[in-house]
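Try each task yourself, then check the solution under it.

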Amino acid sequence: MLDLSLVFSQNEFQTRLSHVQAEMARRDLKGMLVHTPENIFYLTGYQSPGFYMYQCLVVPPVGDPVLLLRRGEISNAQTYSWLPEQSVRAYDDTNDPIALTAETVNEMGISSGALGVETGSWFLLVRHYQRLVELLKEFCFIDAQTIIESLRTIKSPAEIMYIREACLVADRSMQGGLDAIRAGVNEDEVAAAMFSAMIRAGGEYMGMEPFVSSGYRSGNMHAAWGHKVIGDRETLLLEVAGARNRYHGAVMRSAFTGDPPDEIKRVSEVCIEALNAAIEVIRPGVTAGEVDEACRGTIERAGMYEQFRKRTGYSIGIAFAPDWGEGHIMSLQRNDQRVLQPGMVFHIPPALRVPNSYGIGFSETLLVTETGCEVLTKLPRELTIREGRL
């Protein structure tokens with residue numbers, strides 16, 4: 001069994017597993033089927049871009065889990081996971097992986113009763129769920145979606161180390177993109193500069209593509225590079241995440257070609273003020289809703305809420321496509337009463353957009369510390385001015 005690529009110690013993996021099994025016992029679950037790639041990685045270390053094919057981690061009430069995956073992925077399990085050889089089972093492309101899952105549950109001696117499943121997983125298809133219910137009639141399927149996610153919210157020192165590395169990658173990538181901006185340059189060239197800087201900084205494949213948009217496109221959320229030529233006196237909105245060992249850190253910045261008008265200056269000031277207000281209130285014991293109030297409230301008092309209308313931020317950490325964030329685990333949003341704790345990591349991206357006109361945004365990834373917070377992304381928090389006039 002290879003162990004040269006384990007990203008965490010065996011002890012950390014075992015601690016995570018023991019916490020999951022303790023919660024399973026508290027809920028009287030006889031076993032759990034894990035289909036979410038991030039959760040499988042969290043418990044085993046296994047990773048592969050091939051997660052689009054069926055995979056499942058069968059977690060018993062005690063002892064090692066069993067990982068089911070496509071036969072071609074066995075070498076990745078051997079490389080990245082701590083699981084012993086007998087705890088990895090494979091199916092051929094012509095086999096029925098759902099039948100193998102049911103067979104594995106029975107062979108592991110998991111007694112009938114409540115079986116936990118992740119009903120919110122994007123990778124448990126409806127037809128697969130229905131087939132599992134059909135083949136495992138002796139079990140009552142119970143939603144166990146939050147068991148692993150609740151543990152992922154607070155990062156360990158080793159996880160924080162990887163997020164710091166990811167934030168450095170994000171900063172380098174963003175700086176590469178900002179340096180490439182000028183009127184007459186194609187958005188593709190800016191994206192290429194971001195990718196180049198990212199990879200040279202040690203970045204790995206991301207959970208979601210970078211966003212590069214100029215002029216009217218900058219007002220449209222999630223606009224990736226679109227082959228448009230950057231014009232004179234145009235806004236640009238760039239957002240990117242760095243990735244290290246599947247952990248992510250993200251950053252957003254804005255730029256303008258030429259001399260920005262007063263409206264763009266004011267919108268930039270409000271975005272930065274809102275971001276600063278959120279950062280200033282973050283500390284253990286504060287609720288997610290209070291952080292949102294600090295950021296959103298700043299925007300509302302400026303009379304710009306209609307250009308915002310979204311959550312303030314979200315948890316960030318492990319990610320596979322299609323997202324780099326963990327907003328489904330925890331978000332900083334209106335009236336959310338969840339309490340911030342040391343070790344939580346958030347991406348806070350206040351952005352003000354006028355669709356098909358312009359968009360301005362600034363963000364940071366930050367760590368909740370024992371006494372406040374530490375901003376992990378380090379670029380200047382200011383509107384970047386670049387050469388205008390073609």
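**Exercise 1: a helix and what follows it**

Helix α2 is followed by G45, whose phi is positive, near 90°. A word on the ground rules: this is a predicted model, where local features need pLDDT of at least 70, side-chain atom pairs count only at pLDDT 80 or more, and totals for chains, interfaces and linings use all residues. Residues are numbered from 1 along each chain as its sequence is written, and side-chain values use heavy atoms, leaving out hydrogens and water.

Task: work out why α2 is largely enclosed by the rest of the structure.

Solution. Start with the span: α2 covers residues 37-44 (helices are DSSP runs of H or I, at least four residues, strands are runs of E, at least two, both numbered from the N terminus). Next, check burial (buried is under 20% relative accessible area, exposed over 50%, partly exposed in between, with a 1.4 Å probe and protein chains only). Eight of the eight residues are buried, so the helix is largely enclosed. Among them are P37, I40 and F41.

**Exercise 2: a loop serine**

Task: is S87 buried or exposed, and what is S87 in contact with beyond its neighbours within four places in sequence?

Solution. First place S87: the loop between α3 (74-80) and β4 (88-91). Its relative accessible area is 6%, so S87 is buried. Then list the contacts (heavy atoms within 4.5 Å): D64, P65, V66 and L67.
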